[in-house]
Amino acid sequence: MYWVLLCMDAEMQKTCVQELVLKQRSEILHALCSSGSAENLEKVLDILLAQGEIIWEDYQNIQEPGRALFAKARQLLDLVYSKGVDACGLLLTAIKQVLPEAPVFAPLFLEYNSALEEDFQSTPTKTLLTQRVSLVSELQNCIDCALDVLVTSGHFTKADCNEVCLPIHTPPQQARRLLDHVRSKGESAAKLLLHYIQQKPEFGSPLDQKKLTPSKEFLKYQKKLSSSLSAQSFFLSTYGGDSSIPLDHIYTEVQLEPAHDSADFQGPLGPEDIVSKVGSQNEEADTVLVSGQAGSGKSTLLQRFHLLWARGAALQDFLLLFPFSCRRLNSLDRELSIQELLFQHCCWPDKEQEDIFQFILDNPHLILLTFDGLDEFKHSFSDECRICSPTQRVQAHVLLFSLIQGSLMKGVRKVVTSRPEAVGPELKKYICKEVFLKGFSISGIDCFVRKHHSDSTVATKVLESLKTNTALLGLCHSPVLCWIVSHCHKQLLHYGEGSPQTITDVYLMILQHFFQHKSSVKSNTDFSWLKEHFNTVLHLGQLAFEGIENNCYIFSGTDVENCGITESDLCMGFLFQSKYLSSIHGKSYEFLHVTMQCFFAALHIAFSNNIGHSVIPKLFNLQDMRKAATSAVCFRAFVDMSPGRKWTSVGETIGVETANLQITATFVSGLLSQHHQCLWLLGCPKVIMEKRIKQVVRCLSTGMQKHFKSIPQPAEGEKKSMHAMPGFVWLVTCIYEKQDSRIAKDVMHKLEVTHLKLTYCNIGPVECTALAYVLQYLRNPVGLQLDNNFLGDVGVEQLLPCMHICNSLYLRNNNITDVGICKLIAKVIHCDSVQKLALFNNKLTDACIPHFSHLLKTRPDFLSLRLWGNMVGDTGAEALAKALENSKSLVWLSLVGNSIGSAGACSLANLIKTSTSLEELWLTENRINRTGAECLIQALEHNTHVKSIWLRNNDLSLEEVETMSQRESRLVF
């Protein structure tokens, strides 16, 4: 086609150029949108607007706020096609000018000159349109100066300037907004701007440098701050702040995904992607939320950002970066202003403090603040707590909430980390975007273990051990658990076939690792090492438990002494001295990690004599605790508190933190399992231990029953389904930690549903292991829906034991590759109950299609296969069509968004001719042209059983769509 066009003269090219836009539709969309930036599309729009091929109303319709980038590009293509040959020709020429390397053919009959003319013709406002491309280029480096001229002349107000300079926009976008505002102000403003552009000094001139360059003292302060931050971030600060491990030597990239599907992101997310406005859901907000489960690597990620900024390796759009820990902000008990917070608790300017602070206020878009661990903040968020004045002194939590809301220092970029369950809807309305941190990938686990061990032989042995224990491999997706497993490699390799299966197993392993370094007994066959240090466990457990119930994670020397913790106990390494808090109040201590504090709290609950009979029921009955107004003291009546102990008052705290209590309850379930019954001898008398074990079993059974009873009755003719909440997943995890099949069987036999929905429940490989353990005891097959989680290939493998109890499996948006699917299919082939698979938006390619083909040939009773949004291609479509030739049961086949062209469509047409069961074929968002569509129409002439074939957004012209719709009503466009 392209060669033929090249041989044509200009007139002949004109007659074919409209068809060429349709033929190249997919290539054009990819060229304009694949970078994730809107800049290429906007440059093309500038050219079309300047040449008059689109009018201002067209431009505004395409650029409608909130519309996805691909949707804008598709609307542009439809609009240009409808305008005729000249518009199509100019579009192709503009694309080649903006993207010379794009694989798009441009005709020869039209050229476009974007040079800025010396003599502006016509009216000034019209010139702003006709010379738009050059004007954007000229203005993007001098927005501030142009605005000053317009303000001085009285054409612009401060509000106009703020509208132009919103920090969410790039410099070219700000230049376009400036042009649009000036046009709305009339001829006088347009004439003034054009005159300024002709007369303005070159970028980099002394006047320009004076405008952009901060003061000498500011630069000194910037250097001091970056030096301080570099020193603080150089060594790994999490997991006890082991000063022997440089962050560079151990840091491993984690999986980061936007909370909402966005075409703006392509590939792995880096620091700039997270901090930028790209992908924002709320354009007016300035706060980015990075959410992840405990131990997923949130603190280490921020530490990495700090180090990269301090070195000048990333985030260089920000002149200053101020890091804060919410855990440490809890200790600030005096009122202070935002200036005092920045300078006294991050870095103090040696001179000109007021001038430097004024620069910060004047240039908020150049400032980045990070707040780590919002979930550990002792104050619950309230949008009633707010101030506007940067000089007003208030409590630290009011400063933080005001910054997040934007009432204080609007425009400053904030990055906040938290566990998902700690961020409610009140706070989320002030978040511009949310990014999920999902821990290590398989390659990340491999990389971390190899970095952790300088001896490659040891690293290889640890990784081989993980590969033979997929349950443990699943646990290692959590960076903190991967660190424990890698740190305790000697104990791990000693386990052999009996290596850890549960989270409790892993934490007992690190307990063994730390104690055996101090133990006189070196036996690995029993818990002799624990017997020797059992008093230490109880003392640390008391401190941990009282801290958890009071939402306290930093302890004073008095707190430590009151729990009977001695210097030798401190030397064990579970508590470390907090080095970032002021020494005025004496020494302060923290546990290695919040999950370690939860584990010691669980040890205290399971084995201490000072725990009353109501503690365990209250620990598991979290719903009642949330309802209680005095939840922060729900345990105190049942705990032997030392005289004189003082904790934060109920009025100042959000009460018992649900997430940490759930982690603690999970550990209690594991510690009181038959799997660890040898530990029971170390604790309370046998009678008390047996009562506690029965309490846990009763709580788990009661908790599950509450979920089952909440299932609404189905409407007439509908199946009964259960939409499970994260609390259900937590109870399932507790049952798995108990490792008692009788509990799982008893609970699951009472669940009577036909569909179990577990979407958006933060389910990863660890939770998949627990789900498979429990769900395998269901009495009847169910549809299992796990869409929008983060299973990955390991999670899929962990689900295999319960496949026999599934009749359908939905795994949309789970980052699954061909590797995981091949293992799944190998299992499903032998599970006659499974008849439907939905695998939308994963990472499947045509490499896994032979396995699907084998499944469909082996299982002729298969009903539905949905592969929407993968990369199957023509080869995969052909293989599937061949595999389905003898299928007598498949009624639904979805291959939406799989880059299938006409060759694949023709192969599927052959399937349609012979199929006696297929009713729905979805081929939307592919690359099928007229040839492929004709094959499908001809096939439908031989098949009256097919109800519809969906062909929306393929490479078909409007005329072709209209003609084919009239010929075949079952085609859906």
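Helices here are DSSP runs of H or I with at least four residues, strands are runs of E with at least two, and both are numbered from the N terminus. I take buried to mean under 20% relative accessible area, exposed over 50%, and partly exposed in between, with a 1.4 Å probe and protein chains only.

I noted that the model is predicted, so that local features need pLDDT of at least 70 and side-chain atom pairs count only at pLDDT 80 or more, while totals for chains, interfaces and linings use all residues. Residues are numbered from 1 along each chain as its sequence is written, and side-chain values use heavy atoms, with hydrogens and water left out.

**Helices 42 and 18.** Helix 42 spans residues 792–799, and because seven of its eight residues are buried, it is largely enclosed by the rest of the structure. I listed the buried ones as G792, D793, V794, G795, V796, Q798 and L799. Helix 18 is largely enclosed too, since twelve of its 14 residues are buried; among them are T300, R304, H306 and W309. Helix 18 (residues 298–311) reaches 20 Å from its first C-alpha to its last, close to the 20 Å expected at 1.5 Å a residue, where the expected span is 1.5 Å times one less than the number of residues. After helix 18 comes G312, with a positive phi near 80°.

Grid points are joined across faces, edges and corners, and a volume is the space filled by probe spheres set on the points. I found four cavities of 30 Å³ or more, and the largest cavity holds about 130 Å³ of space. Twelve residues line the largest cavity, and Y251, T252, T300, F440 and P479 lie nearest its centre.

**D286.** I placed D286 in the loop between helix 17 (271–275) and strand 2 (287–291), where D286 is buried at a relative accessible area of 4%. D286 and G411 are 125 residues apart in sequence, yet their C-alpha atoms are 6.2 Å apart in space. The side chains of D286 and K410 make a polar contact of 3.1 Å; such a contact is a pair of N or O atoms within 3.5 Å, and within protein one must be able to donate a hydrogen and the other to accept it, with residues adjacent in sequence counting only if both atoms are side-chain atoms.

**Q785.** I found Q785 in strand 12 (residues 782–785), buried with a relative accessible area of 14%. The side chain of Q785 makes polar contacts with the side chains of H755 at 2.8 Å and D787 at 3.0 Å.

**E960.** Leaving out residues up to four places away in sequence, E960 touches R930 and D955, contact meaning heavy atoms within 4.5 Å.

Key
1 Å grid on protein atoms, 1.4 Å probe; cavity = no way out; pocket = protein on both sides within 12 Å on 5 of 7 lines; lining within 4 Å.
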